[in-house]
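Please examine the sequence and the structure before reading each solution.

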Amino acid sequence: MCRTKSAAADQSPQSQPHVLLLVCGGIAAYKAIECMRGLQRAGCDVRVAMTDDACKFVGPTTFEALSGHAVATSLYDFDDSPIPHIYLSDWADVVLVVPCTANVLAKLATGIADDVVSASALACDKDFVIAPAMNTKMWNNPATQHNVHTLLQRGMHLITPATKMLACGITGTGALASVTNIVDTCLLWCARRLQPQILSSKKVLITAGPTHEAIDPVRYIANASSGKMGYALARAVRDAGAEVTLVTGPTALAAPCGVTTIDVTSAREMYERSLEAFTGVDAAILTAAVADWTPVEACDHKLKKHAEPLSTLALRETDDILRSLSAQKEQRIVIGFAAETDDLVAHAQQKLADKRCDMIVANDVSRADSCFGSNTNTVSFVTPSSVEQLPTLSKKEVAEHIVAKLAELLR
């Protein structure tokens, strides 16, 4: 097998998270590749160790080609070190086990180290993220549940398997959790290990997404907000050590792990849930694009355009969440968002004065690289004393800048 020896273990900057991916022999082994790619896209350096059975499902060459590192498949044949389990465990910041079979779960719980995967795990004192996948009967077996309990008591982070149709054809609990969930959980613990916890002990409320204002059971008033900025912000605030409550309107996004997520539909629901959550937080960041108007009365049946033409629609203003929270904030910090198509800073300054919050993040949605649904934003931070224009950045980078600004305001 052709292997390319890498010196990355010695040269990678500490700011780049090191994830040791332990791949076990299950039908879901191919999803370990997707997990690795997701971690790489997030900036992680990933090394891989595989059991003999895992190699029967996915070849080591695939992981070697995509990771750029030699893959450890044995305790005795590893190009980068004569002692692979110590080398890999010392290198790792976080260990991810995907898919974790019942057999390897038992080894982790009992300390068995009879191959490179179990030996690397036993030698490692870092955070573990474990994503089990197995037949329902194996998952529900008292022995497996005892092993799960043991690992949880030791502080390992276990991602509960999904309930769906399994490879054997039956439907039950035991399928591998979503790749998105696995990657997000792993990134959380990478951040907790490597990133300064500048919001440690803080509690933050975040709103995200659009609201849907019902006209009838199938029609509603809404906008094009995707929720991407709010969800990126929830992850960034979480990664900085805060306890996050995310009140979100309807989106197609997966809820961030480690975040208390409250799903709402209408502006009224978002207003009520936000006020409830605000009572126990240190700060609120309101990214949601809440509808400004809602029908005075929603019809209880689908309107027929021929029999019940909608020639007019009576509307009323929705409750102003930003104004309401700012009015009762006292020592708490409240940050609002403003999506504008012209006179960006002037409109943001007017909104700041009108709402009486601490900062407005003004987003120019007239630009193709900053509109609703884009993966980048061009924003300005507007406070009573300053205007700070940021370049076009990814939403993740914008979120990190907001976290830094929030920490400064909280001080």
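**Exercise 1.** How many salt bridges does the rule find across the interface of domain 1 and domain 2?

*Solution.* The model is predicted: local features need pLDDT of at least 70, side-chain atom pairs count only at pLDDT 80 or more, and totals for chains, interfaces and linings use all residues. Residues are numbered from 1 along each chain as its sequence is written, and side-chain values use heavy atoms, with hydrogens and water left out.

Step 1. An automatic or database assignment supplies the domain bounds: domain 1 is 18-193, and domain 2 is 198-304 + 311-410.

Step 2. A salt bridge requires a side-chain nitrogen of Lys or Arg within 4 Å of a carboxyl oxygen of Asp or Glu. By this rule, the interface of domain 1 and domain 2 has 2 salt bridges.

Step 3. Asp184 also forms a salt bridge with Arg235, with 3.1 Å between the closest N and O atoms.

**Exercise 2.** State the area that domain 1 and domain 2 bury between them, and identify the leading contributors from domain 1.

*Solution.* Step 1. Buried area is the accessible area (1.4 Å probe) that two parts lose on being put together, summed over both.

Step 1. The two domains bury about 620 Å² between them, with 53% of it on carbon and sulfur atoms. Of the area that domain 1 buries against domain 2, 63% comes from Asp184, Leu188 and Arg192, more than from any other three residues.

Step 2. Contact (heavy atoms within 4.5 Å) links 7 residues of domain 1 with 9 residues of domain 2. The domain centres, taken over C-alpha atoms, are 37 Å apart.
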